[in-house]
Amino acid sequence: MGRGLLCLLLLQLVGLVVAGGGRWRWQEEFLRLPSSDEATRWAVLIAGSNGFYNYRHQADVCHAYQIMRKGGVEEQNIVVMMYDDIAHNPDNPRPGLIFNHPSGPDVYAGVPKDYTGDDVNVNNFLAVLLGNRSALTGSGSGKVVASGPNDHVFVYYADHGGPGVLSMPADGEYLYADDLVKALKKKHAGGGYKSLVVYVEACESGSIFEGLLPSDISVYATTASNAEESSWGTYCPGDDHDAPAAEFDTCLGDLYSVAWMEDAEAHQEGRLAETLRQQYRTVKNRTSDEGTYTLGSHVMQYGDMALAPQSLDLYYMDTSPATANDHKLAAAGAKGSHSYTVSVNQRDADLLYLWRKYRRAGEGTAEKVEARERLVQEMGRRSRVDRSVEMIGGLLLGGARHKQQVVRAALVEDWECLRSMVRTFEDQCGSLGQYGIKHMRSFANICNAGVPHHAMAKAASLACPSPPPLHL
């Protein structure tokens, strides 16, 4: 096409825009050049679990989506990844609805189904984060974080975790800490953001960043717990039938998660500006039971501390002046935020669910028998995992040497070794599951001690001479 004809076509398009008004807005968008100074806000929200006993993780993520939208983050810039087996689960006493607070609103309405079911996996999460559409698998929406060098990215991950790993819904699939940090480094090197914030809700979530996350790639991270403790579920059903959440057999939220979200809602409702540092301190105090650490966990922060004074408006909040009607959801969710709570160690939340199912069932019913069998089965599976890991540690390292001392460094030096040791164990002994991943530190210590792979295979065969039974 000649230069003269190209210019003529462009002029005609401009004429159509002027003549047609708003009807030709797409031509206006076509002709507009991207501004190098324009900043866009992006968010990735992922729940790495499934099953009704893990209700809280998807409830957290749905709630986070509502906060992003109320804060003005565009829907096309929010990627939601969750298994989506909670709202319409037969165990849900409120079919089609999800709650993150006993007296709060439904948080499921309007949440996009970007990646659900088996599409919630490590490959797709990292592809979404890196903005790599060509690496996606499955039948998801195809949305990715296509961010640029002036953009701000917020990542929220809620699930089970263990030393150095975060869970995914599929048994035996884990997001290892080194893969996440490598992805963050890669996105930074490619000019994929101006600043990036990561919030992680999981047991031992501090181990994902401790000794690994650099301070010079403009990433700021907070975690629900340090590198060697559990995080906590909250708004759990208690023995009092009149108590909030009593109609549910499972926890509605996670302590760290509802702490940051209800704090955000309160600030949005009051139109009060807040920084990352201020929210970190608020969440830390609430998550640690007002500083006593008698119930709760130690919220941690990692990475580029120079980002801590930044306003949360850069990521997901909107504290600009607005009408009083704009934030009804925030007001409903923030009221009575933690006047009554029953909190449970994350790893025991499934036992709470199974126990309540057993107690609710009528005496002598098939439902009662099934509930008891599931509870006994899970307790037995936990015991087998504990015994087998203990035996392997004793065989390979001797005595209690496999119980690593607390250190402030990366969990393991050779991450490929850790992956190999975990695969070997699971091939012989079955999936570690959301409970068993607490033993990741033991496998890391085997690697750090230089134990060869064949020795691990032999020890696993001795510890687990027969195939493991199925579990939950």
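How many helices and strands does the protein have? There are 14 helices and 12 strands, taken as DSSP runs numbered from the N terminus, helices being H or I of at least four residues and strands E of at least two. The model is predicted, so local features need pLDDT of at least 70 and side-chain atom pairs pLDDT 80 or more, while totals for chains, interfaces and linings use all residues. Residues are numbered from 1 along each chain as its sequence is written, and side-chain values use heavy atoms, without hydrogens or water.

Of the 472 residues, 54% are buried, meaning under 20% relative accessible area with a 1.4 Å probe, protein chains only.

Now strand β1, residues 41-47. All 7 of its 7 residues are buried, so β1 is largely enclosed by the rest of the structure. R41, A43, L45 and A47 point one way, and W42, V44 and I46 the other. In a regular strand, side chains alternate between the two faces of the sheet.

β1 pairs in the parallel sense with β3, residues 152-158, over 7 bridges; a pair requires at least two DSSP bridges. Here I46 stands opposite Y157. β1 also runs parallel to β2, residues 78-81, joined by 4 bridges, with A43 opposite I78. From β1 the chain crosses through helix α3, residues 55-70, to β2, a right-handed β-α-β crossover: with the strands pointing away from the viewer, the path from the first strand over the helix to the second runs clockwise.

Elsewhere, an open antiparallel sheet of 3 strands has the order β10-β9-β12. β10 and β12 are at the edges with a single partner strand each, so one side of each lacks a neighbour in the sheet.

Notes: Buried means under 20% relative accessible area, exposed over 50%, partly exposed in between (1.4 Å probe, protein chains only).
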